[in-house]
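Please read the points below with the structure open beside you.

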Amino acid sequence: MKKKVIALLLAVSMMLTLMSGCGASSKSQDTAASGSVAGTYEGTAAGRNGDIKVAVTLDENGTITDIEVKEQSETEGVGTPAFDKLIPEMVEGNTVAVDAMATATITSEGLIEAVKNALTAAGVDLANYQTKTEAQKGEDTTYDVDVAIVGAGGAGMAAAASASEAGASVLVLEKTASIGGNTKLGEGTYNSADPERQKNLTMNDSNRAEVEEALSVKTDDPEYQALLDDVRADYEAWEKNDGKTLFDSVNWHALQTYIGGGSIDNISLIRTYAEKAPETLTWLEDTIGVPFKSDYIFMAIGGKWARGHQVDLVAATGSEGDNGGRVYIDKLSEYATARGAQIETNAKVVSLLVDDNGNVSGCEAERSDGSKITVHAKSVILTTGGYAANSDLVLKYSNGAITTKLTSCATSSTGDGLALAENVGANLANLDQIQVHPLGDPINDCGCVSEFVGNWLSATEYMFVNKEGKRFINEDNTRYAISMAELAQTDGEMWLIVDSSAIAGDDSRTAQIESLLADGHSVKADTLEELAEKIGVDADTLKATVETYNAGMLAGKDEFGKAASADSVIEQGPFYASLRTPTVHYTMGGISINGNTEVLGKDGNTVANLYAAGEVATGIHGNNRLGGNAYPDIMTFGRIAGEQAAANAAK
């Protein structure tokens with residue numbers, strides 16, 4: 001009898017839900033009795049990272065008077081600007097017929113659908129809310145400034161801070177609705193030689209072997225040899241004076257950056273980067289106010305050396321619930337605007353201005369409302385980021401090799417600065433050097449790198465199989481090699497499999513694992529047979545693959561060449577699997593610059609009054625950016641660009 005009652009209640013509940021519309025609730029009690037449509041109604045729809053729940057208020061005529069977002073989990077500064085842009089348009093126009101934000105499409109569509117569901121709950125006719133309203137065009141604006149900065153990511157805001165610090169009048173133009181770009185999405189690891197923070201780290205045999213192997217290289221390149229000689233001198237001095245704490249120097253950082261990038265990039269520029277990174281770190285801490293943990297230094301994933309500095313989130317925000325990248329943006333923008341820098345968002349630069357002598361003299365931009373901005377500037381800095389989110393450019397520059405459309409970068413990373421620079425004679429280089437990460441998330445159509453493996457596990461602890469249940473590459477290969485092999489598999493995807501040995505007994509991971517399982521990110525099974533069924537591969541094939549893999553790990557010789565270890569076997573249940581696909585992670589190619597961030601033309605001469613910094617520029621990372629090297633790059637060269645542009649304007 002009890003089961004029948006529960007079933008009846010469920011049936012009634014489902015009927016009421018269907019009658020009221022998907023994701024919608026009935027109107028508030030104070031208006032329901034009167035029969036008036038006036039009231040507040042709720043609606044829910046799927047966004048990028050979860051459900052978006054809104055409350056829509058209607059007056060007695062059914063006119064939308066307010067829309068409030070009650071619940072959402074969209075990425076701050078990436079998806080959330082859609083709320084600020086679209087809600088006023090819907091309220092002012094009494095319509096759901098508004099255009100999605102190009103840089104937050106899924107969030108926009110989720111918001112619009114949630115509002116529609118709320119209107120359905122109100123019992124009104126959706127046809128009455130489909131009138132397309134034209135946004136009122138704003139007034140055209142003209143600026144006269146010392147320095148114009150195109151792009152408000154980390155490099156742009158570092159440039160704004162340093163240029164305004166130097167006394168220049170500064171205007172920053174950002175095409176999206178909010179500042180921050182890729183910078184605010186990352187954890188903010190900052191690589192830099194730092195003897196004070198590194199003094200508690202010890203030099204082990206593996207560290208010594210790496211330094212000595214690097215110094216054993218023979219080369220006919222005089223710049224390379226000079227760098228090797230400088231590192232050797234640093235190393236010998238360290239052995240004489242210390243020999244115990246972790247060895248590091250700006251020269252060793254430069255050499256590792258050069259070697260890590262395939263020994264193909266600009267040594268002079270890399271030296272500037274490594275030499276200025278400690279100075280910029282001090283500037284960020286002492287002048288800008290970005291706090292870094294004083295007692296912690298670590299090796300970032302793919303970073304090669306323990307020189308990673310971590311933002312102290314508690315000191316900066318009061319909690320660990322944010323990311324370090326946002327702290328850089330907040331502090332830099334506060335510093336720059338306090339010194340008079342102006343920022344225009346929703347302002348896409350469409351061209352650079354050139355005077356009669358062929359010198360860059362400003363830029364033109366278009367606001368999202370259709371109005372135009374004309375900027376007359378003595379110096380222009382391009383800080384527009386890379387092109388990872390422009391799949392057409394990625395396909396073109398990779399000569400058709402990288403076919404994935406996913407990226408872990410901000411959707412605004414579309415390579416705008418490349419065309420702007422090229423149109424005034426700038427040289428572009430290394431455009432085929434694109435970093436691809438093999439651990440994108442196809443389940444949630446997300447280019448973000450997997451939390452489960454990205455933050456917790458190393459290549460020694462997992463194995464890859466394709467959709468036929470077979471291995472196809474060694475798991476400790478480079479990101480690029482794994483990604484290219486992955487793209488050659490069925491659907492360009494693979495399953496990443498781990499057992500419980502690396503996570504057993506760690507209760508701190510339980511909630512996060514459960515969350516990943518709940519949203520379809522990963523699957524869990526007590527046996528390999530059950531796991532095979534859940535991921536849709538033949539059980540016998542998967543078991544044979546695991547047995548062969550384990551035998552290789554135990555015998556010390558893997559069939560694909562992975563570093564073999566008994567600790568790497570897959571045998572302790574429960575087992576976990578996560579579907580992965582390549583995602584574009586970083587673009588190393590871009591605008592050629594010198595150490596002063598001046599843009600170089602195709603003839604090798606500088607393009608007058610034009611500077612570039614950050615991912616839009618090239619010359620540092622070769623064919624592979626080391627983990628933790630991005631933030632010191634954008635901050636150091638952004639700072640240099642601001643200083644140089646301000647000095648140029650003062651001439």
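**Notes on the model**

1. Serine 192 is buried, because its relative accessible area is 0% and the cut-off for buried is under 20%. The model discussed here is a predicted one. In the chain, serine 192 sits in the loop that runs between strand 6 and helix 6 (195-198).

2. What is serine 192 in contact with, leaving aside its neighbours within four places in sequence? The residues are Gln198, His253, Ala277, Pro278, Leu281, Arg307 and His309. Valine 170 lies 22 residues from serine 192 along the chain, and the C-alpha atoms of the two are separated by 29 Å.

3. His253, one of the contacts of serine 192, is also one of the buried residues of helix 9. Helix 9 covers residues 250-260, and nine of its 11 residues are buried, so the rest of the structure largely encloses it. The buried residues are Asn251, Trp252, His253, Ala254, Leu255, Gln256, Thr257, Tyr258 and Gly260.

4. Which elements cover the buried residues of helix 9? They include strand 6 (190-191), helix 7 (205-215), helix 8 (222-241) and helix 10 (267-288). Just after helix 9, glycine 262 has a positive phi of about 85°.

5. Helix 10, included in that cover, also packs against helix 20, at an angle of about 85° and with the axes 8 Å apart. Helix 10 is therefore roughly perpendicular to helix 20. On the helix 10 side the meeting residues are Leu269, Thr272, Tyr273, Lys276, Ala277, Glu279, Thr280, Trp283 and Leu284. On the helix 20 side they are Pro632, Asp633, Met635, Thr636, Phe637, Arg639 and Ile640.

6. From helix 5, Gly154, Ala155, Ala158, Ala159, Ser162 and Ala163 take part. They meet Ile634, Met635, Gly638, Arg639, Gly642, Glu643 and Ala646 of helix 20.

7. An α-helix has 3.6 residues a turn, so residues three or four places apart point the same way.

8. Is lysine 562 buried or exposed? Lysine 562 counts as buried, because its relative accessibility is 3%. Its place is in the loop between helix 19 (539-555) and strand 17 (575-587). Histidine 621 is 59 residues away along the chain, with 26 Å between the C-alpha atoms of lysine 562 and histidine 621.

9. How many disulfides does a search of the whole structure find? The search finds zero. Cysteine 363 is buried, with a relative accessible area of 0%, and cysteine 409 counts as buried at 10% relative accessibility.

10. On confidence, the chain has a mean pLDDT of 88, with 90% of its residues at 70 or more. Residues 1-34 have pLDDT below 50, and beyond near neighbours in sequence this stretch has 29 contacts in the model. Residues 451-456 also have pLDDT below 50, with 18 contacts beyond near neighbours in sequence.

Technical notes
Residues numbered from 1 in each chain as written. Predicted model: local features only at pLDDT ≥ 70, side-chain atom pairs only at ≥ 80, totals over all residues. Heavy atoms only, no water. pLDDT = per-residue confidence, 0-100. Contact = heavy atoms within 4.5 Å. Disulfide = S-S within 2.5 Å. Buried < 20%, exposed > 50% of the residue type's maximum accessible area, 1.4 Å probe, protein only. Helix = DSSP H or I, 4+ residues; strand = E, 2+ residues; numbered from the N terminus. Axes fitted to C-alpha atoms, helices over the stretch in contact; angles between N-to-C directions. Parallel < 35°, antiparallel > 145°, perpendicular 65-115°, else oblique.
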